[in-house]
Amino acid sequence: MEFIYGTWHWSISGFLIGITMLILTYFGKSFGMSSNLRTLCSMAGAGKFSDFFKMDWREHKWSLAVVLGTIVGGFIAYHFLSNASGVNLNPNTIAQLQTLGIDVPNGKLLPDAIFSIEMLQTPKGFTLLMIGGLLIGFGTRYAGGCTSGHAISGLSNLQLPSLVAVIGFFIGGLVMAHYLLPIIFKGV
């Protein structure tokens, strides 16, 4: 059981993702999480208000099983297959977070200084989450998919737009982590 409880090597996860992509390609399907929102909106009748949602959602309902599996799998992994050691961050990362006034997550995935109910109730925290959500929603639609769709599905199918999108994701992440995050959280 220790094998299941511990962190898996990247090659195992990569191999499993590769097998999944081969199966999806064989059946003529593509993978991406953000497209499920369109499917859910189509199921709820959003096609009455916007042509973008006029689609046969029954053809895409298989991908909702992926979302459900992700949620259930994450719950099972966290509550039943965890060794309770939490996340071990690199000491350099911890030092950088502390210089920004962000508390050490102490084994959690997300620091409370950014992702807590208390932070959400502050004007700054609410504004940051709203702007972040709008940018993610706009970016996903503008890029024609999310990181999982482009980086996993698009790159495995050798799609040039996915390569451009993934390069943009990395550049945006680097700019955010090294330049914008210090400006936003300095003195919090």
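Guide: Let us begin with confidence. The model is predicted, and pLDDT is the predictor's confidence in each residue, from 0 to 100. Here the protein chain averages a pLDDT of 83, and 96% of the residues score at least 70.

Visitor: Which elements have the lowest and the highest mean pLDDT?

Guide: Helix H1 (residues 2-5) has the lowest mean, 71, while H9 has the highest, 89.

Visitor: How many helices and strands does the protein chain contain?

Guide: The chain has nine helices and zero strands. Along the principal axes, the C-alpha atoms fill a box of roughly 50 × 45 × 30 Å.

Visitor: What share of the residues is buried?

Guide: A residue is called buried when its relative accessible area is under 20%. By that criterion, buried residues account for 19% of the 188 residues in the protein chain.

Visitor: What is the volume of the largest pocket, and which residues lie nearest its centre?

Guide: The volume is about 1,300 Å³. The lining comprises 43 residues, with Gly 132, Ile 136, Met 176, Ala 177 and Leu 181 nearest the centre. Helix H5 (91-99), helix H7 (123-143) and helix H9 (160-185) are the elements that each give two or more residues to this lining.

Visitor: How is the lining of the largest pocket divided by class?

Guide: The lining has 30 nonpolar, twelve polar and one charged residues.

Visitor: Let us turn to the rings. How many aromatic pairs does a search of the whole structure find?

Guide: The search finds four aromatic pairs. One of them joins Phe 75 and Phe 80, at 6.2 Å centre to centre and with 75° between the planes, an edge-to-face arrangement. Planes over 60 degrees apart count as edge-to-face, and those under 30 degrees apart as stacked. Phe 75 counts as partly exposed, at 47% relative accessibility, whereas Phe 80 is exposed, at 53%.

Visitor: Why is the pair of Phe 138 and Tyr 142 classed as stacked?

Guide: The planes of Phe 138 and Tyr 142 lie at 15°, with the ring centres 5.5 Å apart, so the pair is stacked. Because these two residues are four apart in helix H7, about one helical turn separates them. Both Phe 138 and Tyr 142 are exposed.

Visitor: Which residue lies over the face of Phe 52?

Guide: Arg 38 does, at 4.2 Å from the ring centre of Phe 52.

Visitor: Finally, what is the phi of Leu 158?

Guide: Most residues other than glycine have a negative phi. Leu 158, which is not a glycine, has a positive phi of about 60°.

Visitor: Where does Leu 158 lie, and is this residue buried or exposed?

Guide: Leu 158 belongs to the loop between helix H8 (147-156) and H9. With a relative accessible area of 77%, Leu 158 is exposed, because the cut-off for that class is over 50%.

Note on methods. Residues are numbered from 1 along each chain as its sequence is written. This is a predicted model: local features need pLDDT of at least 70, side-chain atom pairs count only at pLDDT 80 or more; totals for chains, interfaces and linings use all residues. Side-chain values use heavy atoms; hydrogens and water are left out. On a 1 Å grid over the protein atoms alone, a cavity is a set of points where a 1.4 Å probe fits but cannot get out, and a pocket is an open set with protein on both sides within 12 Å along at least five of seven lines; lining residues have an atom within 4 Å of a point. Grid points are joined across faces, edges and corners, and a volume is the space filled by probe spheres set on the points. Ala, Val, Leu, Ile, Met, Phe, Trp, Tyr, Cys and Pro count as nonpolar, Asp, Glu, Lys and Arg as charged, and the others, Gly among them, as polar. Rings of Phe, Tyr and Trp (its six-membered ring) pair if their centres lie within 6.5 Å; planes under 30 degrees apart count as stacked, over 60 as edge-to-face and the rest as tilted. Buried means under 20% relative accessible area, exposed over 50%, partly exposed in between (1.4 Å probe, protein chains only). A charge sits over a ring if NZ of Lys or CZ of Arg is within 6 Å of the ring centre and within 35 degrees of the ring normal.
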